[in-house]
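Welcome! Take a moment to look over the sequence and the model below, and then we will walk through them together.

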Amino acid sequence: MAPPCATPTAPAGCATHAGRTHIASIGHRSPPLPFKETTTHTGDAGVQTWGCAALGSLCTNNADNMSVVAELFGIEAVVMGMRAHAGAVGVQAAGCEALRYLCVGDAENKVKVAGLGGIEAVLAVMAVVQE
């Protein structure tokens, strides 16, 4: 499955340039769709999976997007989604991937993930997988 922002029907707020996805300039507009959907549809595991996958995709090899996602509470959204849907394999896999991409090469995001319980969320997934 292609990342949401790499498809012809990319959500508002996403743009692809030279194979890299960038969050469009936000300015005074609403946050891009992945942020809105992930934070307003917390009870829907499918939306949480899609939102985590979209956030991970936006942050892959893109330091600017990593900063924007962190500033717009994307890390909180991912960790909350993982906690709310502990039994949903899709949410857990997409959440772990999103946290991975949010932390690659970004010390501030690593500290933020740790402070928000992201390490515990990942360890909980690993414990279930080992069973």
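What pattern does the protein chain follow, read along the sequence? The pattern is β-β-α-α-α-α-α-α-α, and the chain has 7 helices and 2 strands. Please keep in mind that this is a predicted model.

The protein chain averages a pLDDT of 77, and 66% of the residues score at least 70. Over residues 1-30, pLDDT stays under 50, and the model has 46 contacts beyond four places in sequence for this stretch. Where pLDDT is low, the predicted coordinates should not be read in detail.

**The chain as a whole**

The protein chain has 131 residues, and buried residues make up 40% of them. Of the contacts with a separation of 6 or more, 54% are accounted for by residues 24 or more positions apart.

**The nonpolar core**

Which residues have the most contacts inside the largest nonpolar core? They are Cys59, Ile75, Val78, Met82 and Leu99, in a core of 20 residues. Helices H2 (45-59), H3 (63-71), H4 (74-84), H5 (89-103) and H7 (118-130) each supply at least two residues of this core. H5 gives the most, with 6 residues. In soluble globular proteins, nonpolar side chains tend to be buried together.

Leaving out residues up to four places away in sequence, Ile75 touches Val69, Ala70, Leu99, Leu102, Asn109, Lys112, Val113 and Leu116.

**Helix H2**

H2 has 15 residues and reaches 21 Å from its first C-alpha to its last, close to the 21 Å expected at 1.5 Å a residue. At the start of H2, a side-chain oxygen of Asp44 comes to within 2.9 Å of the backbone nitrogen of Gly46. Buried residues in H2 include Val47, Gly51, Ala54, Leu55 and Leu58, and the polar residues Gln48 and Ser57 are buried there too. After H2 comes Asn61, with a positive phi near 55 degrees.

A polar atom of the Asn109 side chain lies 2.9 Å from the backbone oxygen of Leu102. Not counting residues up to four places away in sequence, Asn109 touches Met66, Ala70, Ile75, Leu102 and Cys103.

Glu76, found in helix H4, is also buried, with a relative accessible area of 19%. Setting aside neighbours within four places in sequence, Glu76 is in contact with Ala70, Lys112 and Leu116.

**The ends of helix H6**

Asp106 caps the N-terminal end of H6 (residues 107-115), where a side-chain oxygen of Asp106 lies 3.2 Å from the backbone nitrogen of Glu108. Just after H6, Gly117 takes a positive phi of about 90 degrees. Gly117 lies in the loop between H6 and H7 and counts as buried, at 9% relative accessibility. Beyond four places in sequence, Gly117 is in contact with Val79 and Arg83.

**Pairs separated along the chain**

Gly90 is found in helix H5 and counts as partly exposed, at 33% relative accessibility.

| Pair | Separation in sequence | C-alpha to C-alpha distance |
|---|---|---|
| Gly90 and Thr49 | 41 residues | 5.6 Å |
| Gly117 and Val79 | 38 residues | 7.1 Å |
| Asn109 and Ile75 | 34 residues | 8.2 Å |

**The cysteines**

How many disulfides does a search of the whole structure find? The search finds 0 disulfides. A disulfide is a covalent bond between the sulfur atoms of two cysteines. Cys52 counts as buried, at 1% relative accessibility, whereas Cys96 counts as partly exposed, at 22%.

Terms used: Residues are numbered from 1 along each chain as its sequence is written. This is a predicted model: local features need pLDDT of at least 70, side-chain atom pairs count only at pLDDT 80 or more; totals for chains, interfaces and linings use all residues. Side-chain values use heavy atoms; hydrogens and water are left out. A polar contact is a pair of N or O atoms within 3.5 Å; within protein, one must be able to donate a hydrogen and the other to accept it, and residues adjacent in sequence count only if both atoms are side-chain atoms. Helices (H or I, at least four residues) and strands (E, at least two) are DSSP runs, numbered from the N terminus. A disulfide is a pair of cysteine sulfur atoms within 2.5 Å. Buried means under 20% relative accessible area, exposed over 50%, partly exposed in between (1.4 Å probe, protein chains only). pLDDT is the predictor's confidence in each residue, from 0 to 100. Contact means heavy atoms within 4.5 Å. A nonpolar core is a set of buried Ala, Val, Leu, Ile, Met, Phe, Trp, Tyr and Cys residues joined through side-chain atoms within 4.5 Å. The expected span of a helix is 1.5 Å times one less than its number of residues.
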